[in-house]
Amino acid sequence: MQTTSAGQNRKPTIYWILQKNHVSPFIVDFLNFFRTAAPNVNLRFLIPSLWEETIELAKDLTPESFDVRTLPENTQEWYDRKRESIKGLKFKEGLSAWRTFVLDDFHGGNVNLLAPELPNDPTLQCMLMQIPVPLGSYANEEGVFHACMQWARARKVPVIGYELLPFDTKWTLIPSLLDGVITTNERSYDWLTSNAVGLKNKVWLLPRYESHFFSSAATYFWRNALGLPYNTQYKEGIPNHITVLHIPHNVAMSHEYKTLIKALGKRGSQLHLMISIGKDQVRGTHTHQETVDLLSRQDLAQFHSYSFCDLNKPANLACADAVVACSSCHLSDIATLNSIPTVIFDPDVSKGRYGHTTTVNTREELDVMISRVIKSHGKITKLGDVFSQVLDFTMNRAKKQETGNEFRL
Amino acid sequence: MNSGFKNKIIVVYIALAHHTRFLTPVMKRLEQSGARIIYIIGQGERSQEITAIEKGLDYVHVFDYVGHDDRDDVDENYRILRDGLANGIKRDIAIGSTNALTVLDKTLYAAAKEYIGFKNFLEKERPDICFALHELNRWGKMLAFRAKRMGIPMLTLQEGLYVASNYLFIGHVQYSTLNLVWGRKTQQKLIGYEAPGERIIPVGNTHIAQEIITLGKANTRSVMRREMNLDEKNIVLVMFSSALPPLEDLKPLFKGLQENPNTQLVCKFHPVTDGLLAKKWKEQIPKSLSQDILFFHGEKSTYALMAMSDLCVLTEPSTTGLEALAIGKPLVQLKLSTPDRYPYDFVKDKVALHLTPEELAEKLSGSEDLSAALPAEARDQFIKEELIDTTGAADRIVAITRNILDTISHPGPASFPLKDPVPPDAPDWSIVIPVYDTPELFLAVLEAVSAFSENAGTYEVLLVLQEEVSQQIRTILDALEGDITLVPHTGPGSIVQGLNKGAEHSRGKRLVFFNRHISPADNWLKNLGNAYERHANRPLFGARIITPHQNIIHAGMVVDANNSPVSAYAHLDEKFPSALKERPFQMLDHFLSMDRSFFSELGGFHSRAGRFCFMDFCLRANEVKEEQAGFYIPDVKLTRLISDKINITQDESIYFFSKWHRVLWESEGSLYETDNVSQLQLDSARMTRAMNMLGR
């Protein structure tokens, strides 16, 4: 919290620049939810005024609009500035970059200066924007992105970009320009943090239940599950570092599931099991939950935690890092359709991988798959935690500036 | 078939059609002479393959020369560029405001891949020579750089009429061996900013020459007029530049010509203009004004349209203006409300009328002959300056290409065996001085030699009389005493033959060669002798040469950013500390001293080296010694008494820059770095010198 001269506490502000290609009813719902879930941050949604329809579509977010002015110029001074800004840059073996690019590819003395008329909020700590990509973004979106980035940079406000269109391409200039990059799928995360790209320290990967809202192909499954994963984590006390596996238990396969839970116990301390059960799946005097308890009590004790959920509520799958079942079933089908990794541990069918589903026959193969799920989970940071980290940095920056240290995210 | 280029492989980088048109006339001739031509294209947002396909040229794409094994190299280059550019964008908004960032990114990756591709391509195809229209875009630059690295000569031409500001031509002549431009005006424009003039040769425009012939043979004017049913009309052709003019400005012209039934208005859009933009612009013209105007974009050849017209009109200075003049059309440059983008001005040269659209419409409504207002002499002079000649350009380029290839394969021996052994009574030094018809300077040089050559052993002076000597010189010569030999030299004008002849008549153990009007200072010969003692393993010695105002002319030769030789610390004060260091240099100039035997071993100065003979000698010595043979001795100081311009012939340039293409690499920056001298210090020191000079 910042303190104003009047001594009042004021919330740190984040500008979230929304563009036409990102605004859909789903993202509006998600951002509305997110804003409610982050009461300590003043989240201001800003949309360029040229997109009136988008402003209307996002009205539940009470967005503010802003103009972007453009000013073309062509002078030798701009040519010189371009040259100076990359003066020492050379290809391997010595070819100078400015001599290669400035006149032709970089248009000599021509510039198109962009000035966004954004509010000057003294509590502004960070700006969030989608990142344009070489194949798929339009000139207007790029212009807004660049203008806002320049605006923020001039004010030393960190700019965090997020993935809307895929990042796992060979073109990585724009992610490298930003203070932080939020990815929405593991492929992009792995690519950007690889040695080949080298952006290791400033890339986050969102959990699936958040990242899907950043896709132009988000489905109702995720909309219906909005908020559920946070509640489950809170209710069940699942820390961020624990991987959640969904087990679609079936009383007809009690022994197979007992064997599965036993096998998973090897990595139990890193796992929370969400076991789906049917309220009507009573066998004799035992409910479904009692059956699981009775058969696997000792094995379940090896896990960080476990919980039961209703198998008739597929939205629960949204909480899971992966589904692990002893046979393909209704829930595994829903999971795989919504890109949730699914592992079928069944020694009686052929092993193989189809889309998001992998069938394994042995405990060893199962363990390899689970270790991958755990590894993937380790890459995840929730959006709220990204904000916390960024604000922590920016708040420290204020302290560091007092001592003459420059802020670096 | 002329087989002069049999088995020669020639690589040509092409991009857009307007590039290709200048190159293909040359390639056609080379191909007819037996050469194999390989057209190569690069990756661009606008496909360069389309040009090759439309022109019916066999081509290769540079990406086809990048394999999976090259991925690490490509990635490494991309990362270097990406991180450097990202830093640049963060430092200053300039580069980021150039283009969409995603386009910049695609450019960087493509460039990283092309950079490897051009290398692989040259290594695989091993061409004898490369061509590109220019090296101002990344493809021309990379190809030229890679070719130079491999010692393959590269020729560049001229893209169009250079109407833009001079700074936009920085690097026009950097890695290319020679740059063959249309005319002296372009040569001067490029030199005026930063280009090495000795590597720019005016040859004419390869394309327009052919067009003029074709238009004449095909009787295009009559054929087109008949075809378009415009036989009786006075045709006015308005040629738009890539930026469309403000429509409102042109309306008075459209309106005026609407009311003039004898005149037909034809408008031609620039080929680079976006087709959709052109269409939109056209649609904004009220129907009542546009109905009789003929519009063309790419449908008709601009030259055919020029040929059929009676008057050509420009909305901005452009190449088409010069072409219209070459084809023989009167020219008008419109005064429009938009600010001038280009400093070029046809009007100033009196080859175009400067009229508003309204004024033009009014003049066309009367019977005024507009061409009468444009003097034919001015036009002829203008064309001569811009184009050298409207014919023969392609043949001149072919001849230069031949000369370059011959120079590389058979540079010719520099064979000049001297009398050996040295006779017992030989002087210690033989000083060879070329004599020019400037009596007072000649006398000053002789007086200085006489006054300042003491305590260094015996010496003889050999005066090479290059031209017919005037009576004044003759009088001086008659009055001379001492060990002086006159060496009459009546051969070609080059200094080289004279110096070699001087050496031939010499008897000394060590030879000293002066360039023109070089006058020694106190103890120069003694200091030179001491240098021989101190650096016994060095075969060649150079001197500090200054102006009469104590500015440095020569303190060792380095290679500048354009890969042309220049003196280190030129124009600075003669006592500039870094210029006072004894050290080896790749080349020395203006003055050279060596043992008689070494001169003989290298065969003397090369007959084709001309003005470059001292530097050429050093480079040849480096090859023999496998190190930098030339040693700079600042204590040996001489003054160049006047800074008259020394003409460099085309052949001298072809010889020197073809032969040493591979070894002339920028070294000026690294010298300053070694000396810990910043650019700021240099600029400041030069400014101080300039101020001092003004204060004299």
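Analyst: Here is a short tour, taken topic by topic.

Analyst: This is a predicted model, in which local features need pLDDT of at least 70, side-chain atom pairs count only at pLDDT 80 or more, and totals for chains, interfaces and linings use all residues. Residues are numbered from 1 along each chain as its sequence is written, and chains are lettered from A and ligands numbered from 1 in the order in which they are written.

User: OK, chain A. How many helices and strands are there in it?

Analyst: Chain A has 15 helices and 18 strands. Helices here are DSSP runs of H or I with at least four residues, strands are runs of E with at least two, and both are numbered from the N terminus. The C-alpha atoms of the chain fill a box of roughly 85 × 60 × 45 Å along the principal axes.

User: What percentage of chain A counts as buried?

Analyst: Of its 409 residues, 45% count as buried. A residue is buried if 20 or more other C-beta atoms lie within 10 Å of its own, exposed if 12 or fewer, and partly exposed in between, with C-beta atoms placed from the backbone. As for contacts in chain A with a separation of 6 or more, 64% are between residues 24 or more positions apart. A contact means that the C-beta atoms, placed from the backbone, lie within 7 Å.

User: Sheets next. What is the strand order in the parallel one?

Analyst: The order is β5-β4-β3-β8-β9-β10-β11 in chain A, an open sheet of 7 strands. β5 (64-66) and β11 (203-205) of chain A stand at the edges with a single partner strand each, so one side of each has no neighbour in the sheet. The twist averages 25° from one strand to the next. Pairing of two strands requires at least two DSSP bridges between them.

User: How many bridges join β9 and β10 of chain A?

Analyst: There are 3 bridges between β9 (159-162) and β10 (180-183) of chain A, and these strands run parallel. One example is A:Ile160, whose bridge partner in β10(A) is A:Gly180.

User: Which strands does helix α5 of chain A lie across?

Analyst: Helix α5 (139-154) of chain A lies across β3 (13-17), β4 (42-48), β8 (124-130) and β9 of that chain, and runs at about 165° to β8(A). Axes are lines fitted to C-alpha atoms, for helices over the stretch in contact, and angles run from 0 to 180 degrees between N-to-C directions.

User: And the mixed sheet, what's its order?

Analyst: That open sheet in chain A also has its 7 strands listed, as β14-β13-β12-β15-β16-β18-β17. Its edge strands are β14 (305-310) and β17 (352-354) of chain A, each pairing on one side only. Here the twist averages 20° from one strand to the next. β17(A) is joined by 3 bridges to β18 (357-360) of chain A, and the two run antiparallel. Within that pair, A:Tyr354 has A:Thr357 as its bridge partner.

User: Switching to the interface. How many residues come from each chain?

Analyst: Chain B gives 45 residues and chain A gives 42. On the chain B side, α3 (71-91), α4 (93-96), α5 (101-125) and α6 (138-149) each supply at least two residues. The largest share of that side, 15 residues, comes from α3(B).

User: At what angle do α1 and α17 of chain B pack?

Analyst: α1 (17-32) and α17 (393-409) of chain B pack at about 55°, with their axes 9 Å apart. They are therefore oblique to each other, a class left over once angles under 35 degrees are called roughly parallel, over 145 roughly antiparallel and 65 to 115 roughly perpendicular. B:Pro25, B:Val26, B:Arg29 and B:Leu30 of α1(B) meet B:Ala394, B:Ile397, B:Val398 and B:Thr401 of α17(B).

User: B:Met27, is that buried or exposed?

Analyst: B:Met27 is buried, with 22 other C-beta atoms within 10 Å. This residue lies in α1 of chain B. Leaving aside neighbours within four places in sequence, B:Met27 is in contact with B:Val12 and B:Ile37. B:Met27 and B:Ala394 are 367 residues apart in sequence but 8.7 Å apart in space, C-alpha to C-alpha.

User: What about phi of B:Gln550?

Analyst: B:Gln550 has a positive phi of about 65°, and is not a glycine. B:Gln550 sits in the loop between β19 (540-546) and β20 (552-554) of chain B, and is partly exposed, with 13 other C-beta atoms within 10 Å.

Notes
Contact = placed C-beta atoms within 7 Å.
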